[in-house]
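Please look through the structure shown below, with its sequence at hand.

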Amino acid sequence: MKKTLMAAAAAAVLTVASLAPAQAADKYPTHALTLICSWGAGGGSDAQVRFIAGLMEKDLGQPIKVVNKTGGGGAVGWSALARSKADGYTFGQLTAELAMDHWITPEVTVSYKDFDPLLLMNEDPATVTISATAPYKTYDEFIKYLKDNPGKVRGGATSVGGIWHVAMGLWLQAVGLPVDAITYIPTSGSAEAYKEMAAGGIDSCFTSVADSATMYKTGKAIGLAVMSDQRDPKFPDIPTAKELGSDIQVGTWRGLGLPKGVPAERREILLNAIKKAIEDPSYKKFMADRGFGIKVLEGEDFAKYMEKSDTDLGATLKALGLAK
């Protein structure tokens, strides 16, 4: 009897020992991960992913190295992500430009279809903002003025073909006006655009609420509408365009995704780590301090969001004569 028990115990030890390497091999993650950011170090997109990576490390128990692969309006980084090994150890940031680059530059072939989406984390919707000295003061007055004075109003916010330029075109189409109803004045970004507005060189801007906030607070600009499905809590008196009869949602956005083919269980582990990170009070404070809007969509819902963004932005780029 004693020999039988000893033999059974030995067999059990051997069985456990033989399973240990397999179980260790299945454990994920077992080493450092890489998070690809298609934008330069120090910018808003880079800052967001670095903050998220730091929080995710605590949950995953492994370091996450953020690698900036810039160029091609984001295409360099996204191409590298799409070609990455589908083992769950490389993921990356996806932004609104992913829905634009391939329309503008034929050589860019990467699109939202090349990724398995994890989570949309941020959306900064465009606004309809006018100079406080403009002869029109309300949404309806602005539209009527544009109809009666085609091309007279000057608009700006970014370079030609940038997200805010396209947002302007989308809004004009939504209210039944041609995309050239506003004469677009290209600038290096919202900061320069609002300097131009303060100096009288630009009459309207279509940037985010965060970009426009200082001008609102100082009384130099008026926010007529926000192109979102809900009002911004920091400026609750500014209605959505939908409330005013123009059902349009557009702006810049950021999320995280994987190359196609990562095993479902590993996708789930990463997704859960991201979801925990965005619920952390420090993340919410970081987003508020930066003026970033929080919008959360996961998996298939994020995929549908990117598909609609691609379709809408592509159609407007064509209307603007910028799609090749």
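Which residue is the bridge partner of Ile 130 in strand 9? The partner is Ile 222, and the sections below set this pair in its surroundings.

## Basis of the model

This is a predicted model, in which local features need pLDDT of at least 70 and side-chain atom pairs count only at pLDDT 80 or more, while totals for chains, interfaces and linings use all residues. Residues are numbered from 1 along each chain as its sequence is written, and side-chain values use heavy atoms, with hydrogens and water left out.

Helices (H or I, at least four residues) and strands (E, at least two) are DSSP runs, numbered from the N terminus. Two strands pair if DSSP finds at least two bridges between them, and in an open sheet of five strands the order is 7-6-8-5-9, with mixed pairing. Because strand 7 (183-184) and strand 9 (221-226) stand at the edges with a single partner strand each, one side of each is left without a neighbour in the sheet.

Strand 5 (residues 127-131) runs antiparallel to strand 9, and five bridges join them. Strand 5 also pairs with strand 8 (residues 204-205), again in the antiparallel sense, over two bridges, and here Thr 129 stands opposite Cys 205. Of the six residues in strand 9, five are buried, where buried means under 20% relative accessible area, exposed over 50% and partly exposed in between (1.4 Å probe, protein chains only).

Asp 46 belongs to helix 2 (residues 44-60) and is buried, with a relative accessible area of 4%. Contact means heavy atoms within 4.5 Å; leaving aside neighbours within four places in sequence, Asp 46 is in contact with Cys 37, Gly 40, Ala 41, Val 66 and Asn 68.

In helix 3 (residues 75-83), the buried residues include Ala 75, Gly 77 and Trp 78. The buried residues of this helix pack against several elements, among them strand 1 (33-37) and strand 3 (90-95).

## Aromatic pairs

Rings of Phe, Tyr and Trp (its six-membered ring) pair if their centres lie within 6.5 Å, and planes under 30 degrees apart count as stacked, over 60 as edge-to-face and the rest as tilted. By this rule there are 13 aromatic pairs. The ring centres of Trp 39 and Trp 78 are 6.0 Å apart and their planes stand at 80°, so the pair is edge-to-face. Trp 39 lies in the loop between strand 1 and helix 2 and Trp 78 in helix 3, so the pair ties together parts that are 39 residues apart in sequence. Trp 39 is partly exposed at 23% relative accessibility, whereas Trp 78 is buried at 1%.
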